[in-house]
Amino acid sequence: MKNFYELNFFENPFKSNFVYPDAKDKLELGVSNKPDDTPYVWNYKGKELLNILNPEIIEWAKKNKLDFEALYIFLMTPKYEILVHTDGFFLDWNPIVINWVVGDNHIPSMYMSWYGTKNPKESLDECIDLSSDDKSLYYLRMDESKLKEIERHNITGPTLVKVSTPHRGVNESDQNSWFISLRFNNKIGTWDKIVEWFQPYIVK
């Protein structure tokens with residue numbers, strides 16, 4: 001089973017009057033990202049999330065009894081690669097996640113890639129990078145030297161993505177790009193169950 005599925009879904013995650021965060025203060029140091037290997041990120045929860053989200057998505061979620069966890073906006077600077085990681089602290093954690101690349105500078109070369117072990121006898125648990133001492137990070141860093149790319153997809157529209165498989169986002173372009181990730185609280189179960197639930201929306 002794939003790690004991503006394009007969706008017949010809402011092309012714009014935001015209200016029509018949404019204004020992107022002012023990144024001027026974050027970009028004063030130049031075109032490179034922060035030195036801790038993480039992209040610039042803003043996260044919205046609760047009322048703050050509802051104030052910016054496309055009202056049609058809010059109604060769709062109510063109809064389907066889905067609860068929002070958060071919406072993350074990542075500013076991906078030119079040629080930037082997020083480190084390989086899994087979201088959360090457990091490899092079997094499977095949240096519902098829909099990603100977009102949107103904004104005035106929509107970049108088709110913004111992609112996600114997923115990774116498996118180089119050594120078939122080695123488990124992903126053995127590939128976790130334990131060298132990071134930053135306990136505030138809400139993800140597991142992976143030792144990239146032990147991994148190989150197994151799948152890649154250009155994010156050109158709303159896409160259901162698996163974040164418990166080691167993955168990264170990459171902006172291949174020479175422009176800044178906005179990467180949007182909407183997360184839900186509902187626990188449907190395994191990735192297979194999530195894909196099954198979203199079947200009516202998956203592009204065939």
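Colleague: Where does Phe 198 lie?

Modeller: This is a predicted model. In it, Phe 198 lies in the segment after H4.

Colleague: Is Phe 198 buried or exposed?

Modeller: Start with the cut-off: buried means under 20% relative accessible area. Phe 198 has 0% relative accessibility, so it counts as buried.

Colleague: Which residues does Phe 198 touch, not counting residues up to four places away in sequence?

Modeller: Phe 198 touches Leu 7, Trp 60, Ile 96, Ile 98 and Leu 160. Now look at Tyr 5. In sequence, Phe 198 and Tyr 5 are 193 residues apart. In space, their C-alpha atoms are 9.2 Å apart.

Colleague: How should I read a nonpolar core?

Modeller: In soluble globular proteins, nonpolar side chains tend to be buried together. Here the largest nonpolar core has 37 residues. Phe 198 is one of those with the most contacts inside it, and so are Trp 60, Phe 68, Leu 71, Ile 73, Leu 160 and Phe 184.

Colleague: Which strands and helices each supply at least two residues of this core?

Modeller: Four strands do: E2 (40-44), E3 (68-76), E5 (96-102) and E11 (177-184). Helices H3 (55-63) and H4 (191-197) do too.

Colleague: What is Phe 184 in contact with, leaving aside its neighbours within four places in sequence?

Modeller: Its contacts include Trp 60, Phe 68, Ile 96 and Ile 98. Asp 67 and Glu 69 are also among them.

Colleague: How do I describe two aromatic rings?

Modeller: A pair of aromatic rings is described by the distance of the centres and the angle of the planes. The count in this model comes to 21 aromatic pairs. Take Phe 14 and Tyr 20. Their centres are 5.7 Å apart, with 85° between the planes. Planes over 60 degrees apart count as edge-to-face, so this pair is edge-to-face. Phe 14 is buried at 3% relative accessibility, while Tyr 20 is partly exposed at 23%.

Colleague: Which residues form one aromatic cluster?

Modeller: Phe 198 is in it, together with Phe 9, Phe 10, Trp 60, Phe 68, Trp 100, Phe 184, Trp 197 and Tyr 201.

Colleague: Now the sheet. What is the order of the six strands?

Modeller: First, the general idea. In a regular strand the side chains alternate between the two faces of the sheet. Here the open sheet runs E1-E9-E5-E11-E3-E2, with antiparallel pairing. E1 (4-6) and E2 stand at the edges. Each has a single partner strand, so one side of each is left without a neighbour in the sheet. From one strand to the next, the twist averages 25°.

Colleague: How many bridges join E5 and E11?

Modeller: They pair over seven bridges, in the antiparallel sense. Val 101 stands opposite Phe 179 in E11.

Colleague: Which strands pair with E6?

Modeller: E6 (residues 110-117) pairs with E10 (residues 167-171) over five bridges. It also pairs with E8 (residues 147-154) over seven bridges. Both pairings are antiparallel. In E10, His 167 is the bridge partner of Trp 114. In E8, Lys 148 stands opposite Gly 116. E6 is mostly covered: eight of its eight residues are buried.

Colleague: What polar contacts join the side chain of Asp 87 to others?

Modeller: One of 3.2 Å joins it to His 85. One of 2.8 Å joins it to Arg 183. Asp 87 lies in strand E4 (residues 85-87) and is buried, with a relative accessible area of 8%.

How values were computed: Residues numbered from 1 in each chain as written. Predicted model: local features only at pLDDT ≥ 70, side-chain atom pairs only at ≥ 80, totals over all residues. Heavy atoms only, no water. Core = buried A, V, L, I, M, F, W, Y, C linked by side-chain atoms within 4.5 Å. Buried < 20%, exposed > 50% of the residue type's maximum accessible area, 1.4 Å probe, protein only. Contact = heavy atoms within 4.5 Å. Phe/Tyr/Trp six-rings, centres within 6.5 Å; stacked < 30°, edge-to-face > 60°. Pairing = 2+ DSSP bridges. Axes fitted to C-alpha atoms, helices over the stretch in contact; angles between N-to-C directions. Polar contact = N/O pair within 3.5 Å; in protein donor to acceptor, adjacent residues only side chain to side chain.
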